[in-house]
Amino acid sequence: MLDEPESGLDVQFRETILKEIFSNAGNNEMTIIMATHFFESAIKYFNRVFILKAGQVIYDDTLTAFMAFKTHIT
């Protein structure tokens, strides 16, 4: 579980850190749950999206379904 591991990092270092985290997780067959405010990280590294509002899950689906849903709400 990662709570905004990208917070306070510049773009280049953020990508370096995420690549390392996901490489280690993949090598060890681990699941990663990460809170992030960076949408680009969510779509690059994850296959499931949860959106929270006021502590409640308001969206829970695959990344593919989310991308289709997102085009209808933007």
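**Figure 1. Cover over the buried residues of helix α1.** What covers the buried residues of α1 includes strand β2 and helix α2 (39-45). The model is predicted: local features need pLDDT of at least 70, side-chain atom pairs count only at pLDDT 80 or more, and totals for chains, interfaces and linings use all residues. Residues are numbered from 1 along each chain as its sequence is written, and side-chain values use heavy atoms, with hydrogens and water left out. Arg14, Leu18, Phe22 and Ala25 are the buried residues of α1 (buried: under 20% relative accessible area; exposed: over 50%; partly exposed: in between; 1.4 Å probe, protein chains only). These residues lie on the same side of α1, because they cover an arc of only 60° around the axis (the arc is that of the directions from the helix axis to the C-beta atoms). An α-helix has 3.6 residues a turn, so residues three or four places apart point the same way. On the face of α1 turned away from the buried side are the exposed residues Gln12, Lys19 and Asn27. Helices (H or I, at least four residues) and strands (E, at least two) are DSSP runs, numbered from the N terminus.

**Figure 2. Length and ends of helix α1.** The 17 residues of α1 reach 24 Å from the first C-alpha to the last, close to the 24 Å expected at 1.5 Å a residue; the expected span is 1.5 Å times one less than the number of residues. At the start of α1, a side-chain oxygen of aspartate 10 comes within 3.2 Å of the backbone nitrogen of glutamine 12. Just after α1, glutamate 29 takes a positive phi of about 50°.

**Figure 3. Two loop residues with positive phi.** Most residues other than glycine have a negative phi. Glutamate 29, in the loop between α1 (11-27) and β2 (34-35), has a positive phi near 50°. Glutamate 29 counts as exposed because its relative accessibility is 78%. Alanine 54 is placed in the loop between β3 (48-53) and β4 (56-62). Its phi is also positive, at about 55°, although alanine 54 is not a glycine. With a relative accessible area of 81%, alanine 54 is exposed.

**Figure 4. The largest pocket and its lining.** The largest pocket has a volume of about 790 Å³. Of the 28 residues that line the largest pocket, Met34, Ala35, Arg48, Val49 and Phe50 are the closest to its centre. Two or more lining residues come from each of β1 (2-3), α1, β2, α2, β3 and α3 (63-73). Strand β3 gives the largest share of the lining, five residues. On a 1 Å grid over the protein atoms alone, a pocket is an open set of points where a 1.4 Å probe fits, with protein on both sides within 12 Å along at least five of seven lines; lining residues have an atom within 4 Å of a point. Grid points are joined across faces, edges and corners, and the volume is the space filled by probe spheres set on the points.

Figure 5. Serine 41 is found in α2 and is buried, with a relative accessible area of 5%. Neighbours within four places in sequence left aside, serine 41 is in contact with Glu6, Leu18, Met34, Thr36 and Phe46 (contact: heavy atoms within 4.5 Å). One of these partners, Leu18, is also among the buried residues of α1.

Figure 6. Leucine 63 lies in α3 and counts as buried at 15% relative accessibility. Residues up to four places away in sequence not counted, leucine 63 touches Ile43, Phe46, Asn47, Arg48 and Val49. The C-alpha atoms of leucine 63 and alanine 25 are separated by 19 Å, and the two residues are 38 residues apart along the chain.

**Figure 7. Isoleucine 58 in strand β4.** Isoleucine 58 is found in β4 and is exposed, with a relative accessible area of 52%. Apart from neighbours within four places in sequence, isoleucine 58 is in contact with Ile51 and Lys53.

**Figure 8. The chain from which the close-ups are taken.** The chain has three helices and four strands, in the order β-α-β-α-β-β-α from the N terminus on. Of its 74 residues, 20% count as buried. Along its principal axes the C-alpha trace spans about 35 × 30 × 25 Å. Among contacts with a separation of 6 or more, 41% are between residues 24 or more positions apart.

Notes. A polar contact is a pair of N or O atoms within 3.5 Å; within protein, one must be able to donate a hydrogen and the other to accept it, and residues adjacent in sequence count only if both atoms are side-chain atoms.
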